[in-house]
Amino acid sequence: MLEIKHLSVDFHTDGGVVHAVKDVSTTVGEGEIRGLVGESGSGKSVTSMTILGLLGTRRAKVSSGEILLNGTNLLKMSQKELVKIRGRQIGLVSQNALSALDPSFTIGSQMIEVIRLHQKLSKSDAYEEAVRSLERVGMPDPPQKLRAYQHQLSGGQRQRVVIAMALAARPKLLLADEPTTALDATVQKQILDLLLEINRDLGTAILMVTHDFGVVSHMCDSVTVMRKGRVVEQGSADQVLKAPEHPYTQSLISSVPKLHLDDTARTVPRAERRLHVFQEA
Amino acid sequence: MPSDKFLEVIDLRKVFSVSGGFRNKSADVVAVDDISFSIRKGETWGLIGESGSGKTTTGRMILGLEHVTSGHIVVDGHETTNLTGERMRKMRQKVQVVFQDSGSAFNPRLPVGPQVGAPLRRFKLCDAKEATRRVLELLEKVGLDESHYDRYIHEFSGGQRQRLGIARALTTDPEFLVLDEPTAALDVSVQAQVLNLLKDIQEERDLTMLLITHHLALVEHMCASAGVLYNGRFAEQGPVDQLLHNPQSEVTKKLLDAVLEPKAA
């Protein structure tokens, strides 16, 4: 469904050209959940923002490659045409739900606006739709939440609103850029499970941008590992997690403290346990 | 009191009164509700909890950054609850802190070297020349070098800032470190380096540490014992091997259930 071919993105800064993304190719199939994993500066967010044409600044330039959505190259589209893609065919769930919501309007008015943008509905029908979509994302007491402002909701509830809005036009693909990093662990799990449920029930494909292999193992079918703008490894999530081929992937997985250690690791006294640190070859 | 308890917290309580709300009504919020625990010399103790559980407030009370409503804090046999003036400053030589965002704890308009050495001058522990020598030594200890002495905080990466935070915490040769989410803002590869550094330093100096975090795997890696805070009270506390692998309370079970981790290969 989504196909990224040899994508390169440069930033023209005062200090010279920075190659943020270099020759990245990957795909997201119908109903697939792909993890896009990397540390800060790896180019994972730039890649996902390029898909939506949201790089925006004059300084950022796609220097080569194409992004095909069902065969159409998104990079060749005008902003006008892209507006029809955004939200309608590709939904976005960003990391910071707080900045995705407007503090001076109620949740309801923002949701109704988005719903009416995509569907020809009267205000009252759009309101009904908003209630239904909040129910779908597991929000308690939707009518009351629609009257509320964003500051009256918890972090997890805000993220649910953003997900509900991203789903308003029933997009076939959802870009989720670190949607749970700002949340407590128990809330993170709830939100990820919600995304899994949406994937299962609505068949929505998800491109999950994350730095956390725990998230990958919990929900992804396939994974692309990026480092310094390049893809270092990709494949099915099971295979990459079980037998990572690239030393960088291996170190990303082994440098994280584990809750469940294997028996050999457990024999080392705690004071002597050290984490693996990646050494540049 | 048994001498192997380096830190003892007894019935510690913190009440914030919130005033100026609707019709200027005031309300009391109990952030920490009569908690007790103790840490043995040279041990790392984990204080676990989600946001709002009271874990950071507890840490701040131990550091003397927050007034204690009631209860006692005993460090190395000396009561340190609500100290003031010179006695507080003396205590702070022994008890230091590393925050999540060490960068914001540095003055952006001054080079970092003198700031790392500030406690030496403040406590008049040595002369200026000796202070510089000691700071350079500390920078090296935390994996930085001489060339970093005259730089400003914005020139450093997140991991380096955290190293600087650790260096400054070590300046006064403390015996006790409070670590408040010390790696939450770091990439995993950098987190690994910082955690290894903390363990090395602990081993070398026989440091006692309190690790405040919501991250259970971090506790498993660093701590021998820990407690789970929930709404200002301990849901459960004990040895980590017990706590995280045979939990008794619903709160701990729920937290453990939310841990996402690649299956062990």
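Which residue with positive phi follows α1(B)? I looked, and α1(B) is followed by Gly64(B), with phi near 75°. Helices here are DSSP runs of H or I with at least four residues, strands are runs of E with at least two, and both are numbered from the N terminus.

**Ground rules**

I noted that this is a predicted model, in which local features need pLDDT of at least 70, side-chain atom pairs count only at pLDDT 80 or more, and totals for chains, interfaces and linings use all residues. Residues are numbered from 1 along each chain as its sequence is written, while chains are lettered from A and ligands numbered from 1 in the order in which they are written.

**Helix α1 of chain B**

Next I checked burial in α1(B), residues 55–62. I call a residue buried if 20 or more other C-beta atoms lie within 10 Å of its own, exposed if 12 or fewer, and partly exposed in between, with C-beta atoms placed from the backbone. Eight of the eight residues of α1(B) are buried, so the rest of the structure largely encloses this helix. Going through the buried residues, I wrote down Lys55(B), Thr56(B), Thr57(B), Thr58(B), Gly59(B), Arg60(B), Met61(B) and Ile62(B).

Most residues other than glycine have a negative phi. I found Asp23(A) with phi near 50°, a positive value in a non-glycine residue. Asp23(A) sits in strand β2 of chain A, residues 16–28. Asp23(A) has 14 C-beta neighbours inside 10 Å, so I logged it as partly exposed.

In chain B I found Asp173(B), also not a glycine, with a positive phi near 55°. Asp173(B) is in the loop between α6 (158–170) and β7 (176–180) of chain B. With 14 other C-beta atoms within 10 Å, Asp173(B) is partly exposed.

I stayed with strand β2 of chain A for Ser25(A). Ser25(A) is partly exposed, with 14 C-beta neighbours inside 10 Å. I count two residues as in contact if their C-beta atoms, placed from the backbone, lie within 7 Å. Setting aside neighbours within four places in sequence, Ser25(A) contacts Ile4(A), Lys5(A) and His6(A). From Ser25(A) to Gly56(A) is 31 residues in sequence and 22 Å in space, C-alpha to C-alpha.

Then I went to Glu8(B), which lies in strand β1 (residues 5–18) of chain B. Glu8(B) counts as partly exposed, with 18 C-beta neighbours inside 10 Å. Not counting residues up to four places away in sequence, Glu8(B) touches Ser38(B) and Val74(B). Glu86(B) is 78 residues from Glu8(B) along the chain, and their C-alpha atoms are separated by 22 Å.

**Helices α4 and α5 of chain A**

I looked up how α4(A), residues 107–118, packs on α5(A), residues 123–136: the angle is about 110° and the axes are 9 Å apart. Axes are lines fitted to C-alpha atoms, for helices over the stretch in contact, and angles run from 0 to 180 degrees between N-to-C directions. The two helices are therefore roughly perpendicular (65 to 115 degrees; under 35 is roughly parallel, over 145 roughly antiparallel, and the rest oblique). From α4(A) the contact uses Gly108(A), Met111(A), Ile112(A), Ile115(A) and Arg116(A), and from α5(A) it uses Lys123(A), Ala126(A), Tyr127(A), Glu129(A) and Ala130(A).

**Domains of chain A**

I have chain A divided into domain 1 (1–89 + 172–182 + 204–281) and domain 2 (95–170), with bounds from an automatic or database domain assignment. Their C-alpha centres lie 28 Å apart. Eight residues of domain 1 and seven of domain 2 make the contact.

**Where the chains meet**

I noted 33 residues of chain A in contact with 29 residues of chain B. On the chain A side, α8 (185–202), α9 (213–219), α10 (237–242) and α11 (247–254) each supply at least two residues. The largest share, five residues, comes from α9(A).

**The core**

Last, I looked up the largest nonpolar core, which has 139 residues. Such a core is a set of buried Ala, Val, Leu, Ile, Met, Phe, Trp, Tyr and Cys residues joined through C-beta atoms within 7 Å. Met208(A), Leu210(B), Leu211(B) and Val219(B) have the most contacts inside it. Domains 1 and 2 of chain A both give residues to this core, so it lies between them. Beyond four places in sequence, the contacts of Leu211(B) include Thr44(B), Trp45(B), Leu179(B) and Val219(B).
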